Protein chains: 2
Amino acid sequence: MTSPLWSDFVRDLEPYVPGEQPAVSGLVKLNTNENPYGPSPLVLSAIKDAASDELRLYPPPGADQLKLSVANYYSLEPNQVFVGNGSDEVLAHVFNGLLRHQLPVLFADITYSFYPVYCGLYTITHEAITLDDELGIRVDDYIRPNGGIVLANPNAPTGRLLTLSEIEQVLVGNPDSVVVIDEAYIDFGGESAVALVDRYKNLLVVQTLSKSRSLAGLRLGFAMGDSSLIEALERVKNSFNSYPLDRLAIAGGVAAIADQDYFQSICARVVDAREALVEELAGLGFEVIPSKANFVFARQPNFEGSDLAARLRDKNIIVRHFDQPRIKQHLRITIGTDSQMALLVEALKEIIL
Amino acid sequence: MTSPLWSDFVRDLEPYVPGEQPAVSGLVKLNTNENPYGPSPLVLSAIKDAASDELRLYPPPGADQLKLSVANYYSLEPNQVFVGNGSDEVLAHVFNGLLRHQLPVLFADITYSFYPVYCGLYTITHEAITLDDELGIRVDDYIRPNGGIVLANPNAPTGRLLTLSEIEQVLVGNPDSVVVIDEAYIDFGGESAVALVDRYKNLLVVQTLSKSRSLAGLRLGFAMGDSSLIEALERVKNSFNSYPLDRLAIAGGVAAIADQDYFQSICARVVDAREALVEELAGLGFEVIPSKANFVFARQPNFEGSDLAARLRDKNIIVRHFDQPRIKQHLRITIGTDSQMALLVEALKEIIL
């Protein structure tokens with residue numbers, strides 16, 4: 001169903017399809033890389049405090065308090081920080097404000113599948129760079145003419161991590177392009193490229209509070225980079241929506257970043273569960289890509305991915321399968337609690353052994 | 001400060017400038033048309049209930065429960081409703097998805113100043129149609145070739161209301177254009193054009209929970225129209241951000257729409273205070289444009305608007321002044337509580353008499 005009343009480009013849009021959010025409860029939900037642990041109790045209490053008559057007032061349009069929290073956390077200036085309604089919104093503004101050039105934007109053929117969708121929305125050409133045979137990024141492939149580069153690090157859905165020196169190669173090789181490092185999963189074992197922000201004016205690092213801060217339901221993301229890159233994002237944001245972050249999100253985000261002890265403890269639990277799961281999966285004949293994220297990407301050579309996903313679903317366990325060349329046999333499995341992981345391993349044993 | 005790393009269009013962007021959100025307290029804040037009464041207690045309690053471990057999970061991407069609330073409230077089908085992160089975001093998607101055509105979009109020369117900003121963001125040409133001498137919209141002016149029409153009703157900052165039969169003239173005269181009726185202020189005395197949605201496939205009605213539901217701080221807006229128009233907005237939204245509404249906003253929005261008694265009672269109080277203020281202002285020599293909004297637009301022929309605004313600010317009262325042709329002498333004054341209105345009148349008497 002289309003309509004002549006639509007803007008022309010809408011006919012050709014191919015929207016992003018998010019992982020299922022099942023309405024039924026009681027499922028072991030390992031399909032959208034959410035944190036199995038709830039947000040910090042300090043976050044919940046900050047939100048409850050902010051649920052007051054003050055909601056009648058617009059939020060501070062710049063969400064300055066949250067910017068300051070992020071800046072302090074990473075030893076930056078507030079004008080090196082941009083905040084948005086989830087890192088998806090931040091990335092949308094990045095594609096629009098920093099990546100619309102004559103030359104194509106470069107990103108991996110297997111990566112976050114929202115990137116090509118943004119290109120469709122903003123009429124940006126892109127070139128998909130093929131991952132190597134181990135589904136890894138070869139940084140040499142990104143030294144070629146381009147209108148910008150987007151690297152998820154760790155990459156999704158593979159979980160593979162680039163080192164900071166590999167990222168630096170890309171930055172040095174592309175001084176006239178914005179290099180976006182999308183670090184949605186960085187807190188589960190990677191080292192943030194934010195350490196390079198003061199040295200490379202073409203670097204923009206994007207993070208989210210959805211994963212390591214357990215706040216997928218609150219929608220908070222941010223970008224960090226040279227103040228001139230941030231200025232472009234602010235201009236776009238202020239031409240789109242003056243107040244993208246509501247009062248509750250600002251309060252919750254500030255509290256989440258403040259509670260470092262809780263953050264570190266749940267990240268450590270997820271990492272431990274991941275390492276334990278990797279061992280179990282290996283014992284079941286899976287090939288598991290080394291992951292530094294809160295998920296693993298794995299295949300069992302005797303099973304099709306879609307089949308395995310369906311059989312797990314029959315046992316009330318949801319994982320993510322991508323019907324896409326080269327990864328049809330893979331499953332992306334979010335790291336859950338220890339007991340969820342035990343249920344998963346149990347179910348896989350019943351299916352495979 | 002610009003940068004060659006920016007997308008070209010960013011250099012020319014002229015972002016929207018929202019009304020001041022002062023950090024100091026104790027001011028009588030009559031500058032951004034917020035509701036002087038807090039949100040329904042049921043809203044605050046729904047938000048507190050939703051501030052739970054479930055925040056670790058993504059929200060339902062379609063915010064279906066909120067769509068259903070709006071649909072039921074206005075006797076529509078859910079596929080006739082689009083929801084977004086404030087009506088500013090909704091309007092942004094409307095301009096992008098429905099108003100990007102060869103011909104210029106039409107809107108009044110004096111209206112919500114975000115409309116030309118959206119045109120800048122999406123490279124849409126527009127034609128500003130001059131209001132008549134009483135700062136009213138002449139609907140005949142909108143019967144001309146165009147790529148879409150946007151009418152704020154009541155208009156802002158004037159407060160003037162078009163009747164449904166005037167809106168119908170615009171709809172009938174423009175069968176091949178989307179006609180957007182932006183009803184941010186409709187609940188303070190106007191009649192919603194949503195009554196026409198089933199008859200005109202080119203009508204899109206936009207509303208917000210910021211004003212009459214006292215939720216400016218929560219960021220909730222929605223659009224209603226033929227399902228084919230809504231489909232275009234969904235495509236754009238799903239190419240931008242899968243989850244623009246967080247779990248707390250969805251819960252709060254549903255509760256706000258459910259509590260009709262509270263809604264009606266605070267709207268009535270605002271309307272009563274407006275009518276009382278209009279009389280007081282007339283007594284002080286103001287010319288007041290007839291308003292059906294939660295603000296009045298008025299001028300005192302012996303004073304410049306900027307001067308009057310500055311003098312009020314000295315007395316800790318903030319109102320909005322627009323430094324724009326034809327309305328330099330006007331002030332836009334938000335309707336506050338009875339006691340805030342008494343303070344305002346007192347201050348004006350000291351200045352004027």
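**Entry 1: A:T32**

I looked up A:T32 and found it buried, at a relative accessible area of 7%. The cut-off for buried is under 20%, so A:T32 qualifies. I note that this is a predicted model.

Next I asked where A:T32 lies in chain A. The residue belongs to the loop that runs between β1 (28-30) and α1 (41-50).

I then checked the side chain of A:T32 for polar contacts. One goes to the side chain of A:K29, at 2.6 Å. Another goes to the side chain of A:E34, at 2.8 Å.

Which residues does A:T32 touch, leaving aside neighbours within four places in sequence? I listed A:G19, A:E20, A:Q21, A:K211, A:R332, A:T334 and B:Y58. The entry B:Y58 belongs to chain B.

**Entry 2: strands of chain A**

I started with β10 of chain A, residues 295-299. Of its 5 residues, 4 are buried, so the rest of the structure largely encloses this strand.

I recorded β9(A) and β10(A) as a hairpin, with 6 residues between them.

**Entry 3: the sheet in chain B**

I moved to chain B. What is the strand order of its open sheet of 3 strands? I read it as β9-β10-β12, with antiparallel pairing. The edges are β9 (287-288) and β12 (330-334), each of which pairs on one side only.

Between β10 (residues 295-299) and β12 of chain B I found 5 bridges, and the strands run antiparallel. B:V296 has B:I333 as its bridge partner in β12(B).

Helix α8 (residues 260-283) of chain B packs on this sheet and touches β9, β10 and β12 of chain B. I noted an angle of about 10 degrees between the direction of α8 and that of β10(B).

**Entry 4: the two copies**

Last, I compared the chains. Chain B superposes on chain A by a rotation of 180 degrees, with 0.0 Å of shift along the axis and an RMSD of 0.0 Å. The two copies are therefore related as by a two-fold rotation axis. In chain B, the C-alpha nearest that axis is the one of B:K48, at 2.7 Å.

I also checked the interface. Of the interface residues of chain B, 100% are interface residues in chain A too, so the copies meet through the same surface.

Technical notes: Residues are numbered from 1 along each chain as its sequence is written. Chains are lettered from A and ligands numbered from 1 in the order in which they are written. This is a predicted model: local features need pLDDT of at least 70, side-chain atom pairs count only at pLDDT 80 or more; totals for chains, interfaces and linings use all residues. Side-chain values use heavy atoms; hydrogens and water are left out. Helices (H or I, at least four residues) and strands (E, at least two) are DSSP runs, numbered from the N terminus. Buried means under 20% relative accessible area, exposed over 50%, partly exposed in between (1.4 Å probe, protein chains only). A polar contact is a pair of N or O atoms within 3.5 Å; within protein, one must be able to donate a hydrogen and the other to accept it, and residues adjacent in sequence count only if both atoms are side-chain atoms. Contact means heavy atoms within 4.5 Å. Two strands pair if DSSP finds at least two bridges between them. Copies are superposed by least squares on the C-alpha atoms of residues with pLDDT of at least 70 in both. Axes are lines fitted to C-alpha atoms, for helices over the stretch in contact, and angles run from 0 to 180 degrees between N-to-C directions.
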